[in-house]
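Keep the 3D view open as you read.

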Amino acid sequence: MAKEHNKNSERPVAEKGEHIIARHLIDDDAIKEEKNLVIDGVDVSGRWNTFIETRVDSEFDRSFFDEIQKTVVGSRINRCWQCGMCTASCTVTPLYRRFNPRAFIYMMQLGNLKLLKKYTDVAWRCVGCYKCSQRCPKQVNPAEMMEALALLIKKYFPEEIKSKHQLTIDEEVKVIYEGMILGHGRLDLANLHTSAMRKMGKTTELMSDKDERGAIFKMMKDGRALSVLRLGKPHKWHKSKDAIDNYLRHTGTLEQENN
Amino acid sequence: MGNLKENQAAYYPGCALLTIDRAYNNSSKLVSKKMGIELVDIPDYNCCGIGEMKSKGAVSLYLPLRNMVIAKSELGSKDLVMACSVCYHEFTRSIERAKEDKKLLDEVNSILKEADEEEYVPEGGARHILEFLYNEKGPDEAKKNTVKPLKGLKVAPYYGCLYSRPSMYTFTDKKQGMDNSERPHFMHEFLESIGAEVVQYGNEVQCCGGRNVVQDEETSFTLCSQTLSKAKKAGADVLAVICPKCAGALDVNQPKIIEKFGKDSELPVVYLTQLMALAFGFSEKEAQFSDMISNPLEVLKEKGHFI
């Protein structure tokens, strides 16, 4: 909050545009606001005279829209009418204010890659709690739309994934999951956890931190950590794997390009 | 394998329940059997995709549906019972998507054919063990089987996300007999029927960090500490969960959460079925309480539920 006070009153004056919800979505230059303004004797300082300049989007790309609609997760993008119920119910938004599912879907509808690129650092943070999909009045399924968003980021901004630490980790953990699920047909959770910790550079924590070691040691000791070895692969899983690989090579959609 | 008998049900164990969450698997089976239904594992199961394969198109449907096909061909069962909420979500999602989208169903079936599996016909459904026990037997049956009521034990029920959401897949509120999507109550009723005291704390259907439990610990720890501390503040002795992923976030990671957010987040976590097993007269060893990292044994002993 601003500490500055208006000459005529004790009312605090906010920072420019501070009261606008989802302030980060609007460019600084587009906000017109006078800090001290009196019209006809009425004090309209700060937020009382705020104007936002009309935004014109000239880079509307419809092909982008079709590309998303063809994926399994993004098939309902056409239904969204931007009510914002998804953002209002989101688990992540209160923790990371720039994570705004409604705005992401809007950018995807418009095909506005320039704007999307600004949000690659938070776009991956969806926790998949499905509150948005539960409350969406148009059954857009925003939770799965965030998966479609991840596909777009992977296709159009691969350099962002390589250069941003957390994005790199998210991607690497996904690859571990994929290797286990598609490669072996079953998940080895203990192995997944330790591999992910290693990717995150938490090797020392894995070995020295007493709490972390506690949980893993306990599971090693009572045999749970290694019990997956007893399970093995599903019978004739190699046939499933070949069929899956074959499908992913020929979908002709975003899903294929990301494979 | 032959068809199931009348008091049997096809059961999908899943990866977590056969390995690190064996306590949930075993207690679910003990409780079901006591209530009169034997859970029979489907042979040759494969991973459901755990929500990480959603961007792989029809493959994300193939993974759960291959198991539905096996349940039908090997056990003659259209329905499949499972205890993990993430598996439950993947199965219900795949079945609903396959029902509404013929093209997608054809794609799944062509993968199934190439993989030398039988065709999937959309029928029957996936059932979460909580909903299954509630609708097939009900809290009254649980009460009848209770020999050691958990008197004086304050339990905070934690449903998490995917058991009740989204109703487009789970049919909560939509189909008769299903739970409420915003205020689920099946676990409340079971806990009351076994004599425990249910604590209200406001975070019953909040998220534990879900998809990002592994790769985004920071977010998961924050969410979990809110749930744990709220339940503790409301006076809970233990937090009851119905999903191994929630348990991973709230139980296995709890020492790290306490390190970051303090002792307010220190609260033993157990599975609902473990508590039910205890009330049904099974020992603490059979219910495998010692498997939990957050050490529920101490508080349960203190409350006098063990000999």
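A word on terms before we start: the domain bounds used here come from an automatic or database domain assignment. Please also keep in mind that this is a predicted model.

With that in hand, turn to chain A. Its assignment gives domain 1 (7-56), domain 2 (62-160) and domain 3 (165-242). If you take the centres over C-alpha atoms, domain 2 of chain A and domain 3 of chain A are 29 Å apart. The secondary structure of chain A consists of 15 helices and four strands.

How does the overall form of chain A look in numbers? Its C-alpha atoms fill a box of roughly 85 × 50 × 35 Å along the principal axes. The radius of gyration of chain A is 24 Å, whereas a compact globule of 259 residues would have one near 18 Å. Of the 259 residues in chain A, 32% are buried. If you look at contacts in chain A between residues at least 6 apart in sequence, 57% of them join residues at least 24 apart.

The average pLDDT of chain A is 86, and 90% of the residues score at least 70. Among the elements of chain A, helix α6 (residues 131-135) has the highest mean pLDDT, at 97, while helix α11 (residues 203-208) has the lowest, at 64. Where pLDDT is low, the predicted coordinates should not be read in detail.

Now move over to chain B, which is divided into domain 1 (8-128) and domain 2 (138-302). Taken over C-alpha atoms, the centres of domain 1 of chain B and domain 2 of chain B are separated by 24 Å. Their contact involves 23 residues from domain 1 of chain B and 26 residues from domain 2 of chain B. On the domain 1 side of chain B, α1, α2 (22-34) and α4 (85-100) each supply at least two residues. The most comes from α2(B), with nine residues. By class, that side of domain 1 of chain B has 10 nonpolar, eight polar and five charged residues.

Finally, let's bring the two chains together. Their contact takes 58 residues from chain A and 52 residues from chain B. Several helices of chain B each supply at least two residues to the side that touches chain A, including α1 (15-18), α5 (102-114) and α10 (217-233). The largest share of that side of chain B, four residues, is from α3(B). Sorted by class, the side of chain B that touches chain A has 24 nonpolar, 15 polar and 13 charged residues.

Note on methods
Residues are numbered from 1 along each chain as its sequence is written. Chains are lettered from A and ligands numbered from 1 in the order in which they are written. This is a predicted model: local features need pLDDT of at least 70, side-chain atom pairs count only at pLDDT 80 or more; totals for chains, interfaces and linings use all residues. Two residues are in contact if their C-beta atoms, placed from the backbone, lie within 7 Å. Ala, Val, Leu, Ile, Met, Phe, Trp, Tyr, Cys and Pro count as nonpolar, Asp, Glu, Lys and Arg as charged, and the others, Gly among them, as polar. pLDDT is the predictor's confidence in each residue, from 0 to 100. The radius of gyration is taken over C-alpha atoms; the globule rule is 2.2 Å times the number of residues to the power 0.38. A residue is buried if 20 or more other C-beta atoms lie within 10 Å of its own, exposed if 12 or fewer, and partly exposed in between; C-beta atoms are placed from the backbone.
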